[in-house]
Amino acid sequence: MTSIFTQAVHAGERGPAPREVPVTTPLYHSVGYLEPSAAVMEDVFSGETAGYVYRRYTSPTVEAFERAIAALEGGDAAFATASGMAAVHAALLAAGVRAGSQVIAARDCYGATYDLLATLLAEQGVTVHFVDATDPCRVEDAAFLHRPAAVLVETISNPLLKLADIAALARTTRAIGAALIVDSTFASPYLCRPLALDADYVVHSASKYIGGHGDVLAGVVVTSHSNREKLFAIEKKIGAVLAPEVAWLALRGLKTLPLRMREQCANATRVARFLSEHSAVAQVYYPGLPSHPQHMLAEQLFGDRGFGGMVAFELRNGTRAAAFAFLDALKLVLPATTLGDVYSLALYPVMASHRAVPPAERAELGITDGLLRLSIGIEDADDIIADLDAALHVANME
Ligand SMILES: *Cc1c(COP(=O)(O)O)cnc(C)c1O
């Protein structure tokens with residue numbers, strides 16, 4: 001199989017030249033397309049011939065991004081969406097989640113995903129069961145009990161970087177005929193290809209590692225041809241589709257995904273080791289450390305490619321004041337609410353991603369007042385470590 005380094009550069013590009021003349025000039029901003037004849041247009045409308053009709057259906061630049069990400073994930077097809085959340089929503093609907101359906105989801109899934117399931121979809125008559133998805137037996141028990149339409153997990157969870165045993169979960173979903181949806185945003189196709197482990201839908205927030213430069217808000221679902229048909233039929237009505245300008249940026253970003261990820265994994269490993277030896281740090285969460293409870297699973301899932309660019313840790317002085325002092329003292333690492341970019345970022349889950357989670361539930365999840373999450377960039381590891389070291393000293397004096 002072609003290496004992901006080669007795929008990332010070439011996949012999706014130089015697709016079939018469109019037969020249609022765009023009504024306005026490319027980058028393919030055009031909303032409408034002209035066919036050579038009404039007969040061809042009829043065939044495109046009927047689905048007999050592939051082609052472009054209207055931008056909400058598809059357009060050449062968006063298709064190029066879809067081809068590229070499908071190749072990198074080893075999937076048949078992809079469907080690009082306006083954001084990662086639109087991708088999560090589309091995958092749930094394509095999996096058949098409707099009023100009366102049951103869904104099983106990872107208890108510590110991404111905040112907005114939790115919210116989508118627990119509020120919007122719950123209000124629409126979907127029953128959601130949140131379980132500890134790190135334990136495939138718990139998911140299996142819940143699945144046989146509730147017979148869900150879909151099971152939704154994340155390859156690497158936020159912010160504690162727990163892993164999902166995708167192959168084991170897929171055996172369960174296959175047995176009961178449920179769809180397995182894997183949000184693989186934190187892993188990216190560089191580390192793991194969930195479809196090869198028998199997942200049905202892989203979802204990404206392309207706003208993170210795929211875009212990689214902090215200037216893209218996009219999502220994508222990778223799946224089979226028949227599931228893509230379902231996604232298309234749904235999004236034709238909902239319209240949460242990706243804009244060509246953004247697809248163009250995402251496709252540009254994607255080319256360096258393997259290079260960035262290789263560097264980010266190496267830097268994150270160094271940062272995790274540095275933190276685990278630091279006197280101001282009580283605990284480090286990183287799948288690459290032998291102390292991570294799922295280190296073996298990480299090696300199975302990611303092979304020798306690395307363990308991701310995300311690192312979480314707890315300050316020994318586990319107070320909100322110490323966490324604030326740490327964030328304020330950072331000079332290189334940016335305290336911004338995103339991840340997966342070329343620059344290093346720090347996030348305080350209690351203030352940002354897990355703000356809406358009640359304190360008691362937060363404590364149960366292990367998200368303490370002293371917990372910080374880092375997204376390690378491609379800067380020189382020595383510079384990142386020096387910045388963290390200086391900020392840790394300030395936090396420790398708080
Ligand atoms: C950011 C993120 C999302 C949502 O993506 P947006 O592009 O912000 O809509 C979903 N899942 C995970 C794991 C994320 O990190």
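Which residue with a positive phi follows H4? Gly-96 does, with phi near 95 degrees. The legends below describe close-up views of a predicted model.

View 1. Helix H4 spans residues 84-94 and is mostly covered, with 10 of its 11 residues buried. The buried set includes Gly-84, His-89, Leu-92 and Leu-93. After the helix comes Gly-96, whose phi is positive.

**View 2. The aromatic pair of Tyr-33 and Tyr-52.** Seven aromatic pairs are found in a search of the whole structure. In the pair formed by Tyr-33 and Tyr-52, the ring centres are 5.4 Å apart and the planes make an angle of 40 degrees, a tilted arrangement. Tyr-33 belongs to strand E2 (residues 33-34) and Tyr-52 to the loop between helix H2 (38-46) and helix H3 (60-73), so the contact ties together parts 19 residues apart in sequence. Both Tyr-33 and Tyr-52 are buried.

**View 3. The aromatic pair of Phe-313 and Phe-326.** The planes of these two rings stand at 75 degrees, with centres 5.6 Å apart; the pair is therefore edge-to-face, as the angle is over 60 degrees. Phe-313 comes from strand E11 (residues 310-315) and Phe-326 from helix H13 (residues 320-329), and the pair links these distant parts of the chain, 13 residues apart. Phe-313 and Phe-326 are both buried.

**View 4. An aromatic cluster and a charge over a ring.** Tyr-54, Tyr-57 and Phe-232 make up one aromatic cluster. Over the ring of Tyr-57 sits the charged end of Lys-236, 5.0 Å from the ring centre.

**View 5. Salt bridges around Arg-19.** The structure contains nine salt bridges. Arg-19 and Glu-20 meet through their side chains, with an N to O distance of 3.0 Å. Glu-35 joins Arg-19 and Glu-20 in a network of salt bridges. Arg-19 has a relative accessible area of 35% and is partly exposed, whereas Glu-20, at 4%, is buried.

**View 6. The salt bridge of Arg-174 and Asp-200.** The N to O distance between these side chains is 3.3 Å. Arg-174 lies in helix H7 (residues 166-176), and Asp-200 in the loop between helix H8 (188-191) and strand E8 (201-205); the two are 26 residues apart. Arg-174 is partly exposed, with a relative accessible area of 41%. Asp-200 has a value of 16%, so it counts as buried, the limit being under 20%.

Definitions and conventions
Residues numbered from 1 in each chain as written. Predicted model: local features only at pLDDT ≥ 70, side-chain atom pairs only at ≥ 80, totals over all residues. Heavy atoms only, no water. Phe/Tyr/Trp six-rings, centres within 6.5 Å; stacked < 30°, edge-to-face > 60°. Helix = DSSP H or I, 4+ residues; strand = E, 2+ residues; numbered from the N terminus. Buried < 20%, exposed > 50% of the residue type's maximum accessible area, 1.4 Å probe, protein only. Lys NZ or Arg CZ within 6 Å of the ring centre and 35° of its normal. Salt bridge = Lys/Arg side-chain N within 4 Å of Asp/Glu carboxyl O.
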